[in-house]
Amino acid sequence: MTADRVPPRVLVIVPALNEGASVGAVVTEIRRTNPGVDVLVVDDGSVDATGEVARAAGAAVCRLPFNLGVGGAMRTGYRWALEQGYDVAVQVDADGQHDPAYLSTLVSRLDTADVVIGARFAGVGQYEVRGPRRWAMALLAPVLSWLAGTRLTDVTSGYRAANRRALQVFATHYPTEYLGDTVESLVIALRTGCTIRQVPVEMRLRTHGSPSQNPLRASAYLVRVVSALLLALVRPWPLPATAEATA
């Protein structure tokens, strides 16, 4: 970095629902490994002490009055980031799976992209996915890679960095429907002219709790995510006026 270049203001957005057992350690690790960033925990209608634990660990907390899902929590975070003047926002999950040691790598790649994905299955780590999620990835990764003009191996990863142009798009259009925060959000980014790249990362196992998927929900995953892709491809996505000005 040259001496006259001002480093970007980076906000780490942590959507959290009833993650009181893990969110404190996640916030602490983010701040320890990336001392120049700020952390916002979006408490998505938790009924436990998620917000209190996050605040005690040093994060700003935005508490939603009821559960909106990851998409709603992230749209809230993106709007907050814009209002507060941040240049970059990075999503990190509250369950401990996303290693914040990779955060600076994701941010650095924003020099050549608007959205950078922290990708599993890209040559780093031994993380495995089975069942409907794996089938969805095998089906959707080639489609999204073709749309993005680059190889994407993990289009359902929630570990992502977005620059200000993508922030403006996501603050307006980030999907709030179940699973829309993954594949559909990437299609929206591409449809509005954003560029997407990935960097390989190693994912970790959850530190507490268990995934929200049950067998019935997992069975519906493939249908839902393919439907989201098709709808996102045909629906118009007008650029926000601020994004048009920076395009």
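**Figure 1. The largest nonpolar core of the predicted model.** The largest nonpolar core has 37 residues, of which Tyr-78, Leu-144, Phe-170, Val-183 and Ile-196 touch the most other members; a nonpolar core is here a set of buried Ala, Val, Leu, Ile, Met, Phe, Trp, Tyr and Cys residues joined through side-chain atoms within 4.5 Å, and buried means under 20% relative accessible area, as against over 50% for exposed and in between for partly exposed, with a 1.4 Å probe and protein chains only. At least two residues of this core come from each of strand E1 (10–16), E2, helix H3 (69–83), strand E5 (115–119), helix H5 (132–148), helix H6 (164–173), helix H7 (180–191) and helix H8 (215–234), where helices (H or I, at least four residues) and strands (E, at least two) are DSSP runs numbered from the N terminus. H7 gives the most to this core, with six residues. This is a predicted model, in which local features need pLDDT of at least 70 and side-chain atom pairs count only at pLDDT 80 or more, whereas totals for chains, interfaces and linings use all residues. Residues are numbered from 1 along each chain as its sequence is written, and side-chain values use heavy atoms, with hydrogens and water left out.

Figure 2. When residues up to four places away in sequence are not counted, Tyr-78 touches Ile-13, Ala-89, Leu-167, Phe-170, Ala-171 and Tyr-174, a contact being heavy atoms within 4.5 Å. A second, separate core of 29 residues includes Val-107, Ala-161, Val-199 and Met-203. In soluble globular proteins, nonpolar side chains tend to be buried together.

**Figure 3. Strand E1 and its two partner strands.** Seven of the seven residues of E1 are buried, so this strand is largely enclosed by the rest of the structure. Val-10, Val-12, Val-14 and Ala-16 point one way from E1, while Leu-11, Ile-13 and Pro-15 point the other way, and all are buried. E1 runs parallel to strand E4 (residues 88–91), to which four bridges join it, and Val-12 stands opposite Val-90 in E4; two strands pair if DSSP finds at least two bridges between them. E1 also pairs with E2 in the parallel sense, over six bridges, with Leu-11 opposite Asp-38 in E2.

Figure 4. E1, helix H1 (residues 23–33) and E2 make a right-handed β-α-β unit, the term right-handed meaning that, with the strands pointing away from the viewer, the path from the first strand over the helix to the second runs clockwise. The buried residues of H1 are Val-23, Gly-24, Val-26, Val-27, Glu-29 and Ile-30, and these residues pack against E1, E2 and H2. Strand E2 (residues 38–44) pairs in turn with strand E3 (residues 60–64), in the parallel sense and over five bridges. From E2 the chain crosses through helix H2 (residues 50–56) to E3, and this β-α-β crossover is right-handed.

**Figure 5. Ser-46 in the loop between E2 and H2.** Ser-46, which lies in the loop between E2 and H2, is buried, with a relative accessible area of 2%. Its side chain makes a polar contact of 2.6 Å with the side chain of Asp-43, where a polar contact is a pair of N or O atoms within 3.5 Å; within protein, one must be able to donate a hydrogen and the other to accept it, and residues adjacent in sequence count only if both atoms are side-chain atoms. A polar atom of the Ser-46 side chain also lies 2.7 Å from the backbone nitrogen of Asn-18. Leaving aside neighbours within four places in sequence, Ser-46 is in contact with Ala-16, Leu-17, Asn-18 and Arg-63.

**Figure 6. Asn-34 in the loop between H1 and E2.** Asn-34 is found in the loop between H1 and E2 and is buried, with a relative accessible area of 9%. The side chains of Asn-34 and Thr-33 are joined by a polar contact of 2.8 Å, and a polar atom of the Asn-34 side chain lies 3.0 Å from the backbone oxygen of Pro-100. Asn-34 touches Pro-100, Leu-103 and Ser-104, residues up to four places away in sequence not being counted. The C-alpha atoms of Asn-34 and Ala-101 are separated by 7.7 Å, although these residues are 67 residues apart along the chain.
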